[in-house]
Amino acid sequence: MAKRENYNELFLFMAVVQEGSFTAAAKRLGMAQSGISRSLRELEQRLGLQLLVRTTRKLSLTQAGEQLYQTVQSGFKALDTGLATLADYRNTPFGTVRINASQHAIDKVLLPKLAIIKQRYPDIRIELISENRFVDIIAERFDAGVRLGPEVGSGMVAVRITPDMEMAVVGTPEHFRRYGFPQTPADLAMHPCIAYQLGGGNIYAWELNENGNAVTHKPQGQWVFADSYMEAKAARLGLGLAYVPVELVTEDIEQGSLIRALQRYSLRMDGSFLYYPHRNVSPALRAIIDILKI
C-alpha cells in the first residue's frame with residue numbers, strides 16, 4: 001500500500017500559492033513563517049521536485065508546482081463540497097416532535113394534514129397529545145401546541161393552521177319538540193344547554209352576534225365537558241343544546257339527527273394556530289410547520 005501524502009503540507013503549499021508569499025500565508029493561518037517554509041522544503045524533498053522559485057521579491061511556481069497546485073486546489077475544493085453536503089444530513093428532518101392539542105384539532109387538522117409525513121419524512125416521530133387545557137409547552141416538554149386564536153404568551157410564535165371556525169347551536173329533533181325552537185339568543189334561557197369547561201375551570205359563555213353586537217349566554221344544564229367531541233355526543237343523546245364547531249356535526253345536520261338553530265347569530269371564531277417557542281426550530285418541527293401553515 002502506497003504511503004499517503006502529508007495533506008497538511010499540501011494545504012500549506014496551496015495557501016502559500018494563493019496568498020503569494022510565506023508571510024501572508026503565515027498570517028492567514030496563524031502560523032510561524034519558518035514553520036511553513038520548513039514544511040514546504042520537506043514536501044519538495046519528498047517529491048524530489050522543486051515546486052516554488054523563491055526570490056527576495058516574489059514567489060513563482062515551477063511547471064511541476066503549477067500542476068501540483070491545480071491538483072491540490074481541485075482536491076481540496078472537492079473535499080469542501082463533500083463536507084458541505086453533510087449539512088443536508090444534519091438538516092434532514094428527523095427525531096421526535098411533541099405537540100399538545102385538543103382532540104378536535106388532532107382529528108380534524110393535525111392527523112389529516114400530517115399523514116403525509118409517513119412518506120415524506122420517515123425519520124420524524126410525532127407525538128400528538130390530546131389535552132384541552134392551555135399548557136405551558138416549555139415546562140411540559142412539548143415542541144408546540146395548538147390553540148384557537150393568535151394570542152400566545154411572550155416569546156412564542158403563532159402560525160395559523162386553519163381558517164376561521166364557524167360555531168353551531170345544535171340539538172336533536174326531540175329536544176326542539178319538547179322545548180321549542182329558539183328564535184333569538186335570549187330564548188336559550190329556556191333550554192338545557194351543555195357546557196364547556198375552560199382550562200382554568202370556568203364555564204365558557206357562548207358568544208353570539210345579534211345585530212352586530214356581541215351577546216353571551218351562560219349555559220345552564222346538567223352536563224359539563226372539557227371536550228367539544230363530548231359536547232357533540234351529549235347533544236346527539238338529547239341531553240341539551242350544544243354550541244360546537246360546525247365541522248363536528250356537519251354529518252349529523254345533513255342526516256337530520258341534529259338540527260341547527262340560531263345560525264345567523266352564531267359566531268365565526270379565530271381558527272387554530274400552532275404556537276411554539278421563539279428560538280431555534282428543529283428541522284423536524286420546521287417541516288411540520290411548513291405542512292400545517294395556511
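Trainee: Which strands does helix H5 lie across?

Mentor: Keep in mind that this is a predicted model. In it, H5 (residues 103–114) lies across E3 (95–101), E4 and E5 (144–148). Its direction makes an angle of about 165° with E4. Helix H10 (residues 283–292) packs on the sheet too, where it touches E3, E4, E5, E6 and E15. H10 runs at about 160° to E15.

Trainee: Okay, and how do I read the sheet itself? In what order do the strands come?

Mentor: Here's the general idea: strands of a sheet pair through backbone hydrogen bonds, either parallel or antiparallel. In this case, 5 strands make an open sheet, ordered E4-E3-E5-E15-E6, with mixed pairing. On average, neighbouring strands are turned by 25° against each other, ignoring direction.

Trainee: How many bridges join E6 to E15?

Mentor: There are 5, and E6 runs antiparallel to E15 (residues 272–277). Look for Val159, which stands opposite Leu274 in E15.

Trainee: Now the helices. At what angle do H2 and H3 pack?

Mentor: In general, two packed helices are described by the angle between their axes and the distance between the axes. Here, H2 (residues 22–29) and H3 (residues 33–47) pack at about 115°, with axes 9 Å apart. That makes them roughly perpendicular to each other, and the crossing is right-handed.

Trainee: Which residues meet there?

Mentor: From H2, Phe22, Thr23, Ala25, Ala26 and Leu29 meet Gln33, Ile36, Ser37 and Leu40 of H3. That contact has 6 nonpolar residues, 3 polar and no charged.

Methods:
Residues are numbered from 1 along each chain as its sequence is written. This is a predicted model: local features need pLDDT of at least 70, side-chain atom pairs count only at pLDDT 80 or more; totals for chains, interfaces and linings use all residues. Side-chain values use heavy atoms; hydrogens and water are left out. Axes are lines fitted to C-alpha atoms, for helices over the stretch in contact, and angles run from 0 to 180 degrees between N-to-C directions. Helices (H or I, at least four residues) and strands (E, at least two) are DSSP runs, numbered from the N terminus. Angles under 35 degrees count as roughly parallel, over 145 as roughly antiparallel, 65 to 115 as roughly perpendicular and the rest as oblique. A crossing is left-handed if the near helix is turned anticlockwise from the far one by less than a right angle, and right-handed if clockwise. Contact means heavy atoms within 4.5 Å. Ala, Val, Leu, Ile, Met, Phe, Trp, Tyr, Cys and Pro count as nonpolar, Asp, Glu, Lys and Arg as charged, and the others, Gly among them, as polar. Two strands pair if DSSP finds at least two bridges between them.
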